[in-house]
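Me: Please take a close look at one chain of this model and tell me what it is built from and what it touches.

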Amino acid sequence: MPVLTILVGLPALGALLVALLPKRLARPAALGASLATLGLALAAWARFDPTVPGAFALQDGPWPWIRDLGVSWALGLDGVGLVLVLVTAVLVPTALASDRTPGRAPAALLLLCESAVLGCFTALDLVLFYAFFEAMLLPVLLVLALWGGPGRLRAAVRVLLYTLAGSLPLLAAVAATWVHHRSATGVPSALLADLLATPVPTSWAPWLFAGFALAFAVKSAAVPLHGWLPDAYAEAPVGALVVLAGLLAKAGLFGFLRWALPLFPEAAIRAGPVLLALGALGVIYGGLMAWVQQDLKRVVAWTSVSHLALCLVGIGAGTPDALAGSAWLAAVHGLYVGALFLLVDLLEARSGRRGVDDFGGLGAMLPRFSFLLGLTVLAAIAVPGLAGFPGEILVIIGTWRVAPVAAVAGASGAVLGAVYLLRVLEKVCFGRPSETARVLVDLRPAPTLPLAVLGLLLVGLGVRPLVNVVTPATDRVAAALETARTVEAP
Amino acid sequence: MDVALLWTLPGLPLFGAIVLAIAGRRASPAFAASMAGGTALGALGVAIWTLAATLRGMGARLAVDLGTWFAAGPTRASAVLAADPLTASMAVMVAGVGFLILLFSAGYMDAPEDRPGSWRFYACMDLFLGSMLLLVLADDLLLLFVGWEGVGVCSWLLIGYWFQDPVHAAAARKAFVVNRVGDAALLLALALLVGALGPRATLRIPEMQAVLAEDPSLLAGSATAAGLLLLFAATGKSAQIPLYTWLPDAMVGPTPVSALIHAATMVTAGAWLLLRLHFVLALSPVALGAVAVVGAASALWAGLLAIFPHDLKRVLAYSTISQLGLLFLGIGVGAGTAAYFHLLTHAFFKALLFLAAGSVVHALHHQDVRRMGGLARRMPWTTAAFLVGFLAIVGFPGFSGFFSKDAVLFAALAARPTDIGAGTFPLPVLLCMVGFVAALLTALYMSRILFLVFFGRYRGEGRPRESRPVLVVPLLVLSALALFGGLLDLPAWIGVDSGWLTRAAGPHLGGTPPAHGGAVEAALGLGLALASLAVVAWAGRRWVDRQDSTDSVGSALPGTARFLAAGGRVDGMYDALVVRPLRGLARSGVARLEASGVQRAGRAAAALLEAAGAWNGRVLQRGPVQDYALGIALGAAFLLLLAAVS
């Protein structure tokens, strides 16, 4: 049974259903479709056996799709893809359950986006990947532009322009990679396995790597290409926001691990210092920005920039532990950033405010809310025993051997994280209740459930991290880089 | 019993914390207190059993391996707990003191406004105990780090227990952030160790020791860096210079918290780390010297600062920093056993002093020594307990502090300068003298609060009464420990067959077995005791009858006194040197760059774009859009350039 194809197709089918059903059934149908997708993702996990030799434990295809161009429908799941698929499948239902945008269109669009994201994490054909990579943004962009806050148009245009700037070089690099393979073998193909068999000559590999890297860096908001992120995060309605912050930004990091590093290992090694420098810069830059924000959503947005930058540090380091840490952090980052945005949105929905100084004393007024916020913040600042820790520590330890300065920046990011997130906790939950805080009532079961699920995951994945699921995949990438390094050395 | 029982040591208190967190407000104060006290008592039982088991074959090692926690590349975190006489005795101390303090808490946290939320207090205390026991028993450095950060988190939660007061909330955050600075250093130290050991990398403490014993050259170039990073990490948790500033502020928390976390256990975590990793420090004389110097300096500096505060608990906080400084001095001069001895005795008498102070605070509802006095007649049991703690910390012959302090100071005197990277400079003698002066300061500031609080005339309002038995009983047990704790490791010059701790824990602490100085050691100890008594006598004349001002010790040097009374203005200095520049960088540097950088570049280039006439779309002619386009183009060009150049 083509599990992965069904997995990718199911949310899109759900979107179609939502569009056709009467309005009052639309929300439950959307939630149902996303929950069914979650069930399927869990089934894929159950069937996933990391000990299977070969890169991809689960695989659909390849089935020819565009014969003349040699493009196939090929999906596959390795460990990195699996954890990201699972996070996607968990986050979309929570986003749908918490979203407050009217009508059925936003729900349908979010489901469409989920299909594209899942496709992006599983595609084994470069052209197919490119299609998903581009497609996943459009639905979210529409939700942002139509249902976002007052500055939505500005934010949406900004996202579009940044994305285009990354997409065009990526398209060129994808085409060039494809052309190279055809001219080398005479057979057109864009399958990952085929492309790996025909390495691009070192003379132009750096340019192709740069094309990939640019698109991926824009997507993962690497400083200084992060300009699209703060406004978009501040304006997007919460459903789109969770998807955007929790999932889409990960596609860039995933792109490095699945495509850019394995296809161009020599170029990746030479670009390593650049990625390390950009990552280290981003960790500090994002942390300092988060510290001085007055808008809770922007604090979380800059938290996200800082933590994604730490993932980029790990990718730049390219050691097995740093890569595994990067992949793990990218996955769990979706959970805690998603939870943080949901919590801030709850406050905004109840009080119409989201300033850092608007609240206070919620610990006494809203104990359940405060407990969840506290737990999520602790997970976000990588307190061991919670989900954020293994990723952060692996990146720092793995990076030290290659670039101690970048590791120091990563560790400083951990200190800054405590500074800016505990500031939020102190202002919002501690102290005496403000006028705004007095009228709030604590969480009722309905909004608590998705948050409680995320909270449980943050604890569970901290106690029992699935790092061993991602390591076979990241170890392969690290090995490819190591081979390239030893070839280059003499 | 089975070895796997070791897991119940952190497990039981952790279980209690989870139960209480789930029960929440449904848990009555009595249930919450019994849950926390019961789990602590259970842990104490297991700890005693473990200690007995490890002692049966002196130096036996019990280990429970639950497999790999997570691993990637050379980095492997293993879920392994192990007990030898060293870790087991520490676990007994932690669980025992923890249990007594929880017993005390049951009487202390009985204010009507605290009762509904008391589950939170006991859950955090239980979580703390679990984390501390994990830290003590962890065989793997990443597992140790779990406990290390766990105690930090609990400390943050408990300092901010009365979180509606902004002062408490700020103190809690300060404690967490300062500790985090040390934690970051520990992470980097681990990264360094993994990197230096290369293919033989391990984070298991015994394996690392074996690897380094076999081939010390692995750490040849970086032993000093590793040692200094570990020291910096330890100064955070153990409140030493330069990261001590959080501890005095932490005294706003409930007194049992101060006793358990900020006196007896959590603050020993830094020293514990250095004791466990003595084999890393031993590879670098410079790092050892740095530990000794930091310890001596902290002992002296905190001793000076302790003379002035009006807040009873603040004096005890500075005293803790000072005593831990002596402990660090011991570690630095390679006297691990003496340091560990002092760690244990300090835990007993400092917990006792804090709880006695807590009994006073509970009766008076404030912590200001200016409004105390004459409590000896009104609270005789509390006074007796405080007096025992006082004699122990001052080092009255026969009391526990006398033996442990003497052991540390003598070890400093006996150390060789080359062993602590001082060349021919007689650094050890100097450090011993500094420690001696710090010990005299101990006598001074402790006498001050003893006389101000318990003797003379009562200066407060109301009629304070002796605390209830639930508060007094833990005081009596701790008094016994503070009095007889010295029996753990009697020095050779006493002439009795002793040195139990040296024989049991010494082999796990490395270093050379302490040379027994006989007459010199005895003279040092008794000399210090005599000098201390002289100080006490002077202080008694100074303070017993003084009823208003308490600053008279500084009347001769008003400027210096003001400076020290203000904590040496260190907080202000850190604020000016670290916090404000960083925030300034964030506010006017990074944030301004973010806000205007793209825009300004955009304006300059908008004209260019228009001149080229390439972008005619109506949307694209709006200013910001062009700015974004330019921002993208610049960013892209930057990346491409870097990629091409590299």
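Reply: This is a predicted model. Chain B is made up of 25 helices and two strands. Its length is 646 residues, and 60% of them count as buried. Among the contacts in chain B with a separation of 6 or more, 80% are between residues 24 or more positions apart.

Together with V243(A) and A351(B), L352(B) is among the residues with the most contacts inside the largest nonpolar core, which has 476 residues. Setting aside neighbours within four places in sequence, the contacts of L352(B) are A385(B), V388(B) and G389(B), then L475(B), L478(B), S479(B) and A482(B).

Next, the side that faces the other chain. Here 54 residues of chain B are in contact with 60 residues of chain A. On the chain B side, two or more residues each come from β1 (62-72), α5 (141-159), α6 (166-197), α24 (570-612) and α25 (623-645). Sorted by class, that side has 40 nonpolar residues, nine polar ones and five charged ones.

After α18(A) comes G431(A), with a positive phi near 80°.

Definitions and conventions:
Residues are numbered from 1 along each chain as its sequence is written. Chains are lettered from A and ligands numbered from 1 in the order in which they are written. This is a predicted model: local features need pLDDT of at least 70, side-chain atom pairs count only at pLDDT 80 or more; totals for chains, interfaces and linings use all residues. A nonpolar core is a set of buried Ala, Val, Leu, Ile, Met, Phe, Trp, Tyr and Cys residues joined through C-beta atoms within 7 Å. A residue is buried if 20 or more other C-beta atoms lie within 10 Å of its own, exposed if 12 or fewer, and partly exposed in between; C-beta atoms are placed from the backbone. Two residues are in contact if their C-beta atoms, placed from the backbone, lie within 7 Å. Helices (H or I, at least four residues) and strands (E, at least two) are DSSP runs, numbered from the N terminus. Ala, Val, Leu, Ile, Met, Phe, Trp, Tyr, Cys and Pro count as nonpolar, Asp, Glu, Lys and Arg as charged, and the others, Gly among them, as polar.
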